[in-house]
Amino acid sequence: MHLIDEGRVRRLYNWNLINDKIFLSLMFRMKAGRWINWKNPMTFNEKLKWLILYDRKKEYTTIVDKIKFKEWVAKKISNEFIIPTIGIWDRVEDIDFSTLPEKFVLKANHISGGSYIHRTSQKPDRDHIIKITKQEFNQNYFKRNGEWPYKKVKRKIFAEEYITDHSEKGMPDYKFYCFNGDPRYIQINSFRDHYYFNEEKKISDYQLFYNDKWELQEFIQGYPGKGDFESPKPKNFEKMIEIARILSERIPFVRVDQYNIDGKIYVGELTFYPYGIFGKFDPPEWDLKLGKLLDIRK
């Protein structure tokens, strides 16, 4: 039994009573059951914590900001790979629902993954949407996990076009694990529901991993469970690899998330620290295998 729990460690961190290194060390100890090796990190999860402390480029704050990120992607490749933005507001209460189309997506710019999707012809319930989106808007990844790039992101709420491939299981999310500009593995998550802001919170139905040659792998990381089938290779897969390579160049590790609707590619976001500060591998030896690909010496 631990003398301190996660809640207490986070409170100490938020009150500035412990520094970043102590916070990450304690959280890693509770999640992994051992202390992190700061002098010679070997596993993928250890090296990600090392990067949180020692790889602090100002550009990362721009990249995690979901609004500024779109401008960054447009300069790097093209705005044709960006999901069009409909509106931007400083507060959830300021959302102008009269300007929104029948179907739309609401997102906060300072968090990863969460979104509210309105995909019916029914008139949106303004009060209900404001209530549930506030919960996500108030999240703070820096205080929760020590993810420093989010610390200085000016919070905003924005709406973007709703995109879908109309599949029964939901549109797959292709997540490219990139090591110094080299996309090596692709995680595929399929979602039935994207209503992350909804009290009917659901996580993706399955997860698969492929390598860059589209060969099914034996491991998964984080949630959910592994799918018991294979996923078809998406159209323009080579283009997705190229996009991931360009967007991840000169970054020790980053996950480039993309969508592909019958060959039409969209870049969703870039994630520096998948699953917060600790994402378990199954089988666990893959933590070390992916760690060998992550060269922090550069």
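**Group meeting: a walk through the fold**

Let's start with two helices: the axes of α3 (residues 44-54) and α9 (residues 286-293) come within 7 Å of each other and cross at roughly 50°. Axes here are lines fitted to C-alpha atoms, for helices over the stretch in contact, with angles running from 0 to 180 degrees between N-to-C directions. Angles under 35 degrees count as roughly parallel, over 145 as roughly antiparallel, 65 to 115 as roughly perpendicular, and the rest as oblique. So α3 and α9 are oblique to each other. On the α3 side we have Phe44, Asn45 and Lys47, and they meet Asp287, Leu290 and Gly291 of α9; contact means heavy atoms within 4.5 Å. That contact splits into 2 nonpolar, 2 polar and 2 charged residues. For those classes, Ala, Val, Leu, Ile, Met, Phe, Trp, Tyr, Cys and Pro are nonpolar, Asp, Glu, Lys and Arg are charged, and the others, Gly among them, are polar.

A quick word on what we're looking at. This is a predicted model, where local features need pLDDT of at least 70 and side-chain atom pairs count only at pLDDT 80 or more, while totals for chains, interfaces and linings use all residues. Residues are numbered from 1 along each chain as its sequence is written, and side-chain values use heavy atoms, with hydrogens and water left out.

Zooming out, the protein chain has 9 helices and 11 strands. Those are DSSP runs numbered from the N terminus, helices being H or I with at least four residues and strands E with at least two. Of the 298 residues, 54% count as buried, and buried means under 20% relative accessible area, exposed over 50%, partly exposed in between, using a 1.4 Å probe and protein chains only.

Back to α3. How many of its 11 residues are buried? It's 9, so the helix is largely enclosed by the rest of the structure. Its buried residues include Phe44, Leu48 and Ile52, and the buried set packs against α2, β5, β8, β9, β11 and α9.

Now, which strands does β9 pair with? Two strands pair if DSSP finds at least two bridges between them. β5 (residues 173-179) pairs with β9 in the antiparallel sense over 6 bridges, and Cys178 has Val254 as its bridge partner. β10 (residues 264-271) also runs antiparallel to β9, with 7 bridges, and there Tyr259 stands opposite Tyr266. β9 and β10 form a hairpin with 2 residues between them, and Asp262 in that turn has a positive phi of about 55°.

Over to the other helix pair. The axes of α1 (residues 6-14) and α2 (residues 20-32) come within 10 Å and cross at roughly 175°, which makes the two roughly antiparallel. Val9 and Tyr13 of α1 are among the contact residues, as are Phe23 and Leu26 of α2. By class, that contact has 6 nonpolar, no polar and 4 charged residues.

A cis peptide bond joins Asp282 and Pro283, with omega about 0°, and Pro283 lies in the loop between β11 and α9. Asn180, in the loop between β5 and β6, has a positive phi near 50°. Its relative accessibility is 27%, so Asn180 counts as partly exposed.
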